[in-house]
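Me: Please take a close look at one part of this structure for me. Start at one residue and follow its surroundings, then go on to side chains that meet.

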Amino acid sequence: MYILQKSISYNAPLLSRSLHLLKDLAYVNGKWVGAIGKETFPIYNPADKCIINEVPDMDVKDTQLAIDAASNAFKTFSQTTAKERSDLLRNWYNLMVKHSEDLAQILTKENGKSIAESKGEIKYGNSFVEWFSEEARRINGEILQAPVSNRKLFLWKQPVGVAALITPWNFPHAMITRKAGAALAAGCTCVIKPSEDTPLTALALADLAEKAGFPHGTVNVITTSVKNSPSVGKELCENVKVRALSFTGSTAVGKILYRQCASNIKRISLELGGNAPFIVFDSANMDVAVSGAMASKFRNTGQTCVSANRFFVQAGKFDEFVQKFLSKMKCEIKMGDGSKAGVTHGPLIKESQLNMVHGLVTDAVQKGAKVHCGGTPLPELGPLFYAPTLITGVTQEMKIYSQEIFGPVAVIHKFTTEDEAIQKSNDTPVGLAGYFYSEDVSQIFRVAKKLEVGMIGVNEGLISTAEAAFGGVKESAGQLIAHKGWVDISACWQYKG
């Protein structure tokens, strides 16, 4: 308790308005509870590594209680009308809008992104709940033509059951609302396991869901440390009461969950790692391309799954692009504690992330790459800051050539022909997002069809929205069904004839 009081006092200017949403207990079956084993773990502010709060370190037994609560609640919640579910989601959305400032402050504290970015994420995340509150009333069945005159064929959609939602640290608000909004709209109940790095936003959302009127057991949030996360994840995959699982995170972890879900043929929705190409053709508008590159590469300090990871710039515009991009990086990025005015970009989330990013850059430099700016940690700002970096001259033997960077490092490659750019862009086992810039209409349609990614931004660096499908191909997604905005909801209902 002393550590918590000291931390809150130290951060009082930021947290004073949002303390009522700052929780130190998990939320199961409509109650705020600790772990059965009484253990807790600390949540750190990545800007200075100060403790913000401590939350329960829950294990398999705690997880089973949450699943049981969701399973019992499903018996009645699945029978609610679409209008009733729509109203609940709308109440939740209205409360999130009302408390947007509070949510943004908590998000900045535990994630590190600037307060401006946090406000943007809250608005973005809220939009999913708004969208699914409307889509809940449009889950329609079908009438089929029977092969004989004395039969009638009907198809209607029913919620599949308890949905387990495992969410990442980089978008702790939006990834929960995208998943939970869909599941609840369909009539499923939820067990949410947020990242061990950013559970405070999830608990704040649970508080608002409670106030919105969701029945007990409908929304459950369990918190786990790194130590217990693997066993808790395994329980969510293998427990037969859980009928759908949605996960956003690394491809390596996604493969583990995929295997574990096979034991009971669970419906699974995976949004996994990316290695997004960002192509700039000679026909592109350079100012538009550079602005898009800034937004795509440096959003959340480069820690996004759809972040531009490999820049391919055609030879005729290569020097101009590098010069303008470099100039914009130096002028527009101000790193620091995200809670402070004027700061645009915060730290990396944890030490392992910093070491990974710096290791990739160091390996490239040792093998002959050229660093135009950055390339070093910034300990004078805090323990987890890394300088915005631009590198050219990267070759295939360098680790950074093919690995997802997940940091503020832009690697710029030169290419000659369109076919060369497409071949290099597709030369990866993953395919989540891709971007290209061109003013040639014929080229736009050709390239869009040939890029092996699930989402493409054409002359646009920010592509995600509640109205559009979100998912990838190859090893970036597993059984992800996404159509007309039904991102995760497609895995949450089933046909019955």
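Reply: Phe154 counts as partly exposed because its relative accessibility is 44%. The scale is simple: buried means under 20% relative accessible area, exposed means over 50%, and partly exposed lies in between (1.4 Å probe, protein chains only). This is a predicted model, so local features need pLDDT of at least 70 and side-chain atom pairs count only at pLDDT 80 or more, while totals for chains, interfaces and linings use all residues. Residues are numbered from 1 along each chain as its sequence is written, and side-chain values use heavy atoms, leaving out hydrogens and water.

Phe154 belongs to strand β6 (residues 153-159). Strands (E, at least two residues) and helices (H or I, at least four) are DSSP runs, numbered from the N terminus. Together with Ile143 and Trp156, Phe154 makes a nonpolar surface patch of about 350 Å² accessible area. Such areas come from the Shrake-Rupley method with a 1.4 Å probe, and for residues only the protein chains shown count as cover. Patch residues have over 30% relative accessible area and no salt bridge; like charges are joined within 9 Å, nonpolar side chains (Val, Leu, Ile, Met, Phe, Trp, Tyr) within 5 Å.

Now for a strand with cover. In β8 (residues 189-193), 5 of the 5 residues are buried, so the rest of the structure largely encloses this strand. Thr189, Val191 and Lys193 point one way, Cys190 and Ile192 the other. β8 has a parallel partner, strand β7 (residues 162-166), with 5 bridges between them. Two strands pair if DSSP finds at least two bridges. Leu165 stands opposite Ile192 of β8.

Next, the rings. Rings of Phe, Tyr and Trp (its six-membered ring) pair if their centres lie within 6.5 Å; planes under 30 degrees apart are stacked, over 60 edge-to-face, the rest tilted. The count is 13 aromatic pairs. Phe278 and Tyr437 are stacked, because their centres are 5.0 Å apart and their planes meet at 25°. Phe278 sits in strand β12 (residues 276-280) and Tyr437 in strand β18 (residues 433-437), so this pair links distant parts of the chain, 159 residues apart. Phe278 is buried, at 0% relative accessibility. Tyr437 is buried too, at 1%. Phe311 and Phe321 form a tilted pair, 6.2 Å between centres and 40° between planes. Phe311 is in strand β13 (residues 308-314) and Phe321 in helix α12 (residues 318-332), so the pair ties together parts 10 residues apart in sequence. One aromatic cluster takes in Phe278, Phe298, Phe311, Phe321, Phe325, Tyr435 and Tyr437.

Last, the charges. A salt bridge is a side-chain nitrogen of Lys or Arg within 4 Å of a carboxyl oxygen of Asp or Glu. The count is 21 salt bridges. Asp207 and Lys211 meet in one, at 2.5 Å from N to O. They are 4 residues apart in helix α8 (residues 199-212), about one helical turn. Asp207 is buried, at 2% relative accessibility, whereas Lys211 is exposed, at 51%. Lys424 and Glu420 form another salt bridge, with 2.9 Å between the closest N and O atoms. Both lie in helix α14 (residues 418-426), 4 residues apart. Shared partners join Lys23, Asp207 and Lys211 into one salt-bridge network. The charged end of Lys23 also sits over the ring of Trp32, 5.0 Å from its centre. That requires NZ of Lys or CZ of Arg within 6 Å of the ring centre and within 35 degrees of the ring normal.
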